[in-house]
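The following note sets out numbered points on the model. Please read each point against the coordinates.

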Amino acid sequence: MAEVDIKPGTSTMETLIRITSSMKSMERELHCPVCKEIVKQPIVLPCQHSVCLMCASEVLVANGYPPPELPPEPYSPASTPNTRSPRQARRPMPKAEQRPIDRVLRAGLHPHFPHIPWSPGYGTYPGRRRKEAPPLVMMFPCIPCGRDVELGEKGLADCLRNLSLERIVERYRHTVSLGSVAVMCQFCKPPQALEATKGCTDCRASFCNECFKLYHPWGTPRAQHEHIQPTLNFRPKVLTCPEHDQEKLQFYCRSCQRLLCPLCKLRRIHAGHKILPVTQAYQALKEKIAKEMNYILSNQETVLAQITQLESAITQTEVNSVAAREQLAQSVRDLTAALAERHASLTQALEAARQKRSEALAAQVAERRSLMEHAGLMAFTQELLKEQDAPCFVQAARQTHNRLNKSIENLQCFALAADPSFRHFQLDVSKELKLLTELHFIHAPLAPVIDTQRTLAYDQLFLCWRLPQDSVPAWHFSVEYRRRGVVPGGGSRGGIRGGLAAARWGWQRLDEVNGTSAVIDRLEMDSVYVLRVRGCNKAGYGEYSEEVYLHTPPAPVLNFYLDSRWGLHADRLVVSKEQRCARSVPGLSLLQAADHALTSCHLTSDLLVGDVAITQGRHYWACSVEPGSYLVKVGVGLESKLQEWFHLPQDMASPRYDPDSGHDSGAEDALDSIPPFCFLTMGMGKIYLPQYSSHQHSSHGNGIRDPITNGNSPSSPAGLTYPLPPRLGVCLDFEKGRVTFYDAHSLRPLWEGHVDCSGPVCPAFCFIGGGALQLQELVANRNADQTPVRRVTIQPRVTNLNNN
C-alpha cells in the first residue's frame with residue numbers, strides 16, 4: 001500500500017516540476033522591456049509590443065510630456081469591503097469605471113505657455129469663439145523596435161489593455177508559486193479572515209465560501225455573477241472601444257490592423273478597407289499560429305542541431321577571442337620593439353653627429369685661442385721675430401706666414417665649423433601618428449561590383465568586376481556560379497522544393513582568382529547561369545556581390561574571319577589585318593556617279609562573307625554594328641547565290657531591284673520557293689524588324705528574294721524599328737533552314753526567318769553607304785595567356801533539408 005501511495009505522489013511531483021520548469025522558461029516572454037520585470041497592467045503599443053501602463057507613463061513624462069491620469073493600483077482597492085455589513089453589501093455597489101485607461105491624458109499644452117497643461121475647452125468667454133490648439137501627437141520610444149512610435153492625439157488612451165497577456169501572467173504566477181501566496185477574503189473580519197476561494201468579476205472582489213454565499217444569495221441577480229479564481233487584479237470582461245464607451249470591438253480591419261467597434265467601422269477612414277468580423281479574424285489568426293507552432297515543434301531536431309551549433313560557436317568565439325587578444329598583444333609588442341630599435345639607431349646617429357660637430361667647434365675654439373696675445377701662434381710669432389739670422393728666419397717663417405694668412409682670412413670671413421641647431425635631426429611623425437591613430441583591425445573586402453558592360457557569355461563566360469573605392473585590397477577573389485532553373489535529373493526548379501533541390505546541387509567555384517576578371521568554360525548551351533564574386537584577404541572572405549544572370553548562346557559558337565578574296569572593292573571596303581573588322585567608306589567612284597544624278601542617289605551595295613561554309617548542325621555567332629553606320633545588313637546566304645551576286649553586283653538606283661517597285665519578271669515563278677538569303681537591316685542607330693519572316697512572304701504579294709530586300713514586297717505590312725542593340729547574335733539551324741536573330745547582350749530573340757539550305761550557307765554582311773562592323777572575338781582568344789584557376793565544387797550542408 002505504501003508503494004501504491006507513493007507512486008501517485010511521485011508522478012504528481014514530477015508533473016508539477018515539469019510544468020514549473022516550462023513556465024519559468026517562459027518568464028522572459030512576460031517581461032516588460034522598460035522595467036525588465038513581469039508586466040503589470042500591460043497595454044499594446046501601435047507597434048504591437050506590450051509594456052506596463054505605469055512604465056509607459058513614466059517614459060512619457062521623462063520625454064517631456066504631461067503626466068497622464070492613471071487608474072488606481074490593482075493591488076490597492078479603492079474601498080475596503082471587509083468594513084461593510086452584509087446589509088450594506090446587498091445594496092448596489094458604486095459602479096466602477098469600466099475603462100480606467102480612458103482617463104489618461106486627453107489635454108494638450110497651452111499654446112502660449114507650453115509648460116502649463118491646458119484643455120481647449122476651458123477659459124473661454126460665453127459667446128466667444130475659441131481657438132483650437134493644434135493636436136499634440138505623442139511619440140513613445142519603443143525599446144524593442146529601436147524607434148519612436150506614434151501614439152496619436154489621445155496618447156495612452158488609444159492603447160488597449162492586453163488582457164490575454166494579463167491572464168497568462170496570472171496563470172504563470174499561480175503555477176510557479178504553487179499556491180504559496182494566498183489571497184485572503186476581503187469580506188471577513190480581520191481576526192477571523194479566511195483564505196479566498198472565489199473571485200467575482202462583477203463585484204471585483206475575492207470571497208471565501210461563506211462570504212460568497214452571503215453576498216450572492218440564491219434567486220437574486222447577484223447569483224448570476226461570474227466567479228473566477230481568487231485574485232486582486234480584476235480586469236474588464238471584454239475589450240471596449242477607446243473612442244466609444246461601452247462599444248465592444250466586433251470587427252478587425254486588415255488594412256489598418258486594428259480592432260473596430262460598429263461605430264468606428266462606419267468612419268470614412270476605413271472606406272474601402274478589408275474589414276472582417278473579429279471571430280473570423282480570430283479563427284484565421286489562430287489557425288496560422290497553430291500551423292506555425294506545429295511546424296516549429298515538428299522540427300525540434302533542427303532546433304537542437306542549431307542550438308548545438310550556436311553553443312559550439314560561442315565556445316569557438318571565446319577561444320578565438322583569446323587567440324586574437326594574444327595576437328593583438330604580440331602585434332603591439334612587435335611595434336614597440338621595432339620602435340625601440342629605430343629609436344636606438346636614430347639616437348646613435350644623433351650622438352655621432354653631436355660628437356663630430358663638437359669636435360669641429362672645439363678645434364675652431366682652440367684655433368681662435370691661439371690667436372690671443374701671449375698665447376699659441378702669437379707667442380710663437382713674437383719669439384720668431386726676435387731671430388736675427390736671416391737664412392734661419394726665412395726658413396722658419398714661411399710656415400708661420402702661411403698660418404697667419406689663413407688666420408687673417410678666418411678672422412675676416414668668420415663662420416662656424418658646424419651647425420649647432422640640429423634642425424636636420426627633427427622627426428616628422430605626422431603620417432606615423434595618423435597611421436597609429438587609425439590603427440584598427442583589418443576588414444574583409446567589400447562586395448565587388450560586377451561590370452555588366454564587359455561581362456558576356458559567348459564561347460566561354462567572361463566575368464569582370466571591380467572593388468569599391470573605399471574597400472580594402474583583396475589578395476584574391478572567389479567566383480561562384482550555378483545553372484539556374486535546372487537541377488540534376490532534368491527537373492525544373494520551382495517553389496521551395498525546387499530551391500532545396502538546387503541547394504543540394506550546390507554552386508561551382510573558382511578559387512584564388514587573381515585580377516578582376518575570370519573565364520568560365522564547360523557550360524551548357526542555352527542556359528541561364530547565376531554568378532557572384534567575393535574578395536578575400538587576411539581577414540577572410542568578404543560579402544558577395546549582387547548576383548548577375550547570363551544566358552549562354554543557343555548553339556555552339558562558330559569562329560570565322562571575314563573573307564577578303566571575293567571581289568572586294570578596295571576603294572570602298574576596308575578589312576582589318578585580323579580580318580574581324582570591316583569598314584565601308586564611299587569613295588571617289590560614288591562621288592563621280594552621283595555627279596550626273598539630280599533625282600536619285602546611286603548607292604552601291606558591297607557584300608562581305610565569312611571564310612567558312614556551314615553544311616550541317618546549329619551554329620551561333622555575334623557581331624556589333626557601329627551606331628553611326630548608314631545601312632548594314634547582317635545575315636546568311638547560299639554560297640552559290642552569293643558567288644552569283646559578286647559577279648553581278650546590284651545597283652540600288654535600278655528599278656528592277658527596287659524593293660518597293662514590285663516589277664520583276666520572275667516574281668510569279670518564285671512565290672513558293674525558299675529564299676537563298678536572310679538578312680536583318682540596321683542603320684542610323686536603329687534596327688528594322690519585318691513583321692513577317694521570309695517564309696511567310698509567299699502569301700503577301702511579290703515574291704522577290706533579293707538579298708538586299710530580304711524578299712519584302714510593297715504589299716507586306718510594315719515592320720517595326722527598335723534601338724540598335726550593342727551586339728547582334730545570329731543562330732543558323734541548317735537542318736531546319738531557320739535563322740534566328742538575337743540581342744546578344746540578353747539573348748532575347750528579335751526576329752526569325754527561313755533560308756534555303758540546299759547547299760553550303762555562309763555568314764554574309766552587306767554595306768550600303770558608310771558603316772563599320774566587327775565580329776565578336778572569342779573569349780578563349782582574349783584570355784589565352786591567363787593563368788588557370790583552381791575549380792572547386794561546393795558541397796552544401798544538406799543535413800536539415802530532409803526534415804522539410
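1. An open sheet of 7 strands runs in the order S23-S24-S35-S26-S31-S32-S33, with antiparallel pairing. Strands S23 and S33 lie at the edges with a single partner strand each, so one side of each has no neighbour in the sheet. From one strand to the next, the twist averages 20 degrees, where axes are lines fitted to C-alpha atoms (for helices over the stretch in contact) and angles run from 0 to 180 degrees between N-to-C directions. Strands (E, at least two residues) and helices (H or I, at least four) are DSSP runs numbered from the N terminus, and two strands pair if DSSP finds at least two bridges between them.

2. This is a predicted model, in which local features need pLDDT of at least 70 and side-chain atom pairs count only at pLDDT 80 or more, while totals for chains, interfaces and linings use all residues. Residues are numbered from 1 along each chain as its sequence is written, and side-chain values use heavy atoms, with hydrogens and water left out.

3. The bridge partner of Cys 581 in S35 is Gln 774. Strand S32 (residues 738-743) and strand S33 (residues 748-754) also run antiparallel, joined by 6 bridges, and Phe 741 stands opposite Trp 751 in S33. S32 and S33 form a hairpin with 4 residues between them, and Leu 747 in the turn has a positive phi of about 55 degrees.

4. The side chains of Arg 580 and Asn 559 are joined by a polar contact of 3.3 Å. Such a contact is a pair of N or O atoms within 3.5 Å; within protein, one must be able to donate a hydrogen and the other to accept it, and residues adjacent in sequence count only if both atoms are side-chain atoms. Leaving aside neighbours within four places in sequence, Arg 580 is in contact (heavy atoms within 4.5 Å) with residues including Phe 560, Tyr 561, Leu 773 and Gln 774.

5. Arg 357, in helix H8 (residues 300-370), is likewise buried without a salt bridge; Asp 419, the nearest side chain of opposite charge, is 4.6 Å away. The side chain of Arg 357 does reach the backbone oxygen of Asp 419, at 2.3 Å. Not counting residues up to four places away in sequence, Arg 357 touches Ala 418, Pro 420 and Phe 425, among others.

6. A further open sheet, of 3 strands, has the order S11-S10-S12 with antiparallel pairing. Strand S11 (258-260) and strand S12 (275-277) are its edges, each with a single partner strand, so one side of each is left without a neighbour in the sheet. Neighbouring strands of this sheet are turned by 35 degrees against each other on average, direction ignored.

7. For the chain as a whole, there are 15 helices and 36 strands. Buried residues make up 35% of the 804 residues.

Notes. Buried means under 20% relative accessible area, exposed over 50%, partly exposed in between (1.4 Å probe, protein chains only). Lys and Arg count as positive and Asp and Glu as negative; His and the chain ends are not counted. A salt bridge is a side-chain nitrogen of Lys or Arg within 4 Å of a carboxyl oxygen of Asp or Glu.
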